[in-house]
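Subject: Structure handover

Hello,

Here is the structure for you to look through. My notes on what was found follow below it.

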Amino acid sequence: MSEIANNETVKAIIQDIEKRVQDKILEPTNAELLKKLISNAESLNEAISIAELGTSYKRTGLHFDKRLEKMSNDIRYFKKNEKLSFHTDDAKPINKLIIGDNYEALQNLLIQYRGMIDVIYIDPPYGKDSMGQFADTNYENAVTRDNLLSMLYPRLILAKQLLSSDGVIFCSIDDRNQAYVKCLFDEIFGETSFLLNVPRITKKGGKTTTTIAKNNDYILAYCASQIQFSQEEKTDLQKYKYEDEFVETRGKYSLTQTLDYDSLQYSQNMDYVINFEGRKFVAGGSEEKRNQRLKGFHGKKDWIWRWNKEAFEWGVKEKLFVLKGDRIYTKSYLNCRKKSGKCELEEIDATKAFTTLSYLDNKYSNDNAKKELDGLFENGNTLFRNPKPTILTETLIKMVAPDKTNAKVLDFFAGSGTTGHAVLDMNEKDGGERTFILCQVNEITETNPNGIAIDVTTKRLKRVMTGECYDGSKDFKWAQENEPYGGNLEVYEIDSVSNFESSKDKTPFDVIDETLYGENKFQTLQEKVEWVCRNFRNTQKVLEEK
């Protein structure tokens, strides 16, 4: 039996095959043959490919023409980019950005983070245009749906091994591919792990069309165990911007409601004169019109006060009113309100349960994401197509991990770096110590001649964390309106070394830095050799046979 059989990911694949037999999805004889082939595979890549090719997909009926990853006996490993990495605060945790193929990045991440990631969010490319050169690099043909599913399959197999026991994985996907990608998730994570499939607004308006305007995509989520959802905020907290001496108990307040309305059923008892802050007030502001109303010349609905005289006098004692110009406003507190029909305050819950329509609020649209990039870059809209807003990732994380202020968050299709930005923003708001790991291939485009990871992802993180770009410039709008988040970023690139390299100072044992994988420097060469052979086994076949 091949040494690969002892690999944790391979063990998990075999356990899944055995479960399929128990669920009567896979025939026992077919399962035994499949397990034998996987156990004798020469590398982890090959084992995953055999599992992919040998899976019948009877559970969901999903079929696709599978494309395999390119194989190589070279060892892929993390190499720190000292020029792009930066350290600002010893008291803050270290975040990571990995530049390179996310399949190789995930293999390396398993060495340190197996079963440790709390939240994964991915926004995979949906087609040839959005995948760009990535398609040529990996598949040598156009990105059809088969290629999308083939690309996702091995990456999700590895991602599943990274998730903690109560971790959640989210995936944004468009309407054309949603059904197929959901079937793929069902196959890999199991239908019992399905958590949600909800629409997310992409834009409010749309171009004139003779068919139907497309204004949403979808968010899928899977979790290996039951989780307790947090509550969604009922309203936009930004409008609660005022404070008084009661802020600790009542919360902040807004001034959106006047005390007088002209849309309520008229009552003479509610059409009284108010003396407030040394001035005289009548509903609607006109004494002449009030006199006409008192004589009976009024509409069914007309100007009156919302509160009766007794309630108003109570409200003055409770300091519930603010004078703005010639209008009296009632304070709308976040945590309490006037009890209906009584002169007393009652507590209110400013949250509500998340629903399948929660993410149709315009704050989650791509338009807001474009505004964020515009604040960080000139012509930010053109740097990266279809970015997601930070509030989206932030809300998803809070929804499933509200109490994990030290959560580890992974995004292996990082794009412009929105997920990293969102994690930093969450920490800034609640003092948390969440960390992010981002993976982004350095795809070269017309607007990003040095590649997306170099021209967009790294620069965005550098700017929001330090308040300046790598060249020291600070001439971007975000820096003028916000304080930098601070923190530390280690940027890794994926390098390779032949597993039979024997030149002095160039062997795998020389070039692989164990400290990039959470290890202290090994004291002896023997320790280093054992660690490399154990953790880079999927590319160590030749090396191990020496």
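Aromatic rings first. The structure holds 23 aromatic pairs. Rings of Phe, Tyr and Trp (its six-membered ring) pair if their centres lie within 6.5 Å; planes under 30 degrees apart are stacked, over 60 edge-to-face, and the rest tilted. Phe 276 and Phe 312 form an edge-to-face pair, 6.2 Å centre to centre with 75° between the planes. This pair links distant parts of the chain: Phe 276 is in strand S11 (residues 274-276) and Phe 312 in helix H11 (residues 309-317), 36 residues apart. Helices (H or I, at least four residues) and strands (E, at least two) are DSSP runs, numbered from the N terminus. Phe 276 and Phe 312 are both buried. Buried means under 20% relative accessible area, exposed over 50%, and partly exposed in between, with a 1.4 Å probe and protein chains only.

The pair of Phe 412 and Phe 413 is tilted, because the ring centres are 5.4 Å apart and the planes stand at 40°. Phe 412 and Phe 413 are buried as well. One aromatic cluster is formed by Phe 78, Tyr 492, Tyr 517, Phe 522, Trp 531 and Phe 536.

Two lysines sit over rings. Lys 182 has its charged end over the ring of Phe 194, 4.4 Å from the ring centre. The criterion is NZ of Lys or CZ of Arg within 6 Å of the ring centre and within 35 degrees of the ring normal.

A word on how to read all this. This is a predicted model: local features need pLDDT of at least 70, side-chain atom pairs count only at pLDDT 80 or more, and totals for chains, interfaces and linings use all residues. Residues are numbered from 1 along each chain as its sequence is written, and side-chain values use heavy atoms, with hydrogens and water left out.

Now the overall picture. The protein has 20 helices and 21 strands. Of its 546 residues, 49% are buried. Take the contacts between residues at least 6 apart in sequence: 72% of them join residues at least 24 apart. Contact here means heavy atoms within 4.5 Å. The accessible surface comes to about 27300 Å², and 45% of that belongs to carbon and sulfur atoms. The areas come from the Shrake-Rupley method with a 1.4 Å probe; for residues, only the protein chains shown count as cover.

Next, helix H4 (residues 102-113). H4 is mostly covered, with 10 of its 12 residues buried. Among the buried ones are Tyr 103, Leu 106, Leu 109, Leu 110 and Tyr 113. Asp 101 caps the N-terminal end of H4, with a side-chain oxygen 2.7 Å from the backbone nitrogen of Tyr 103. After H4 comes Gly 115, with a positive phi near 70°.

Val 491 is worth a look. Val 491 is found in strand S21 (residues 488-497). Its relative accessibility is 0%, so Val 491 counts as buried. Val 491 and Lys 79 are 412 residues apart in sequence, yet 8.5 Å apart in space, C-alpha to C-alpha. Leaving aside neighbours within four places in sequence, the contacts of Val 491 include Lys 79, Leu 84, Leu 97 and Ile 99.

Thr 355 is in the loop between strand S18 (351-353) and helix H12 (366-376). Thr 355 is partly exposed, with a relative accessible area of 42%. Thr 355 and Val 198 are 157 residues apart in sequence and 8.6 Å apart in space, C-alpha to C-alpha. A polar atom of the Thr 355 side chain lies 3.0 Å from the backbone nitrogen of Leu 357.

Then the backbone. Most residues other than glycine have a negative phi. Glu 277 is not a glycine, but has a positive phi of about 50°. Glu 277 lies in the loop between S11 and strand S12 (279-281). Glu 277 counts as exposed, because its relative accessibility is 57%. Lys 319 also has a positive phi, of about 60°, without being a glycine. Lys 319 lies in the loop between H11 and strand S14 (321-324). At 44% relative accessibility, Lys 319 counts as partly exposed.

Last, the cysteines. How many disulfides does the structure hold? The count is 0. A disulfide is a pair of cysteine sulfur atoms within 2.5 Å. Cys 171 is buried at a relative accessible area of 0%. Cys 533 is buried at 18%.

Best wishes

Conventions. Polar contact = N/O pair within 3.5 Å; in protein donor to acceptor, adjacent residues only side chain to side chain.
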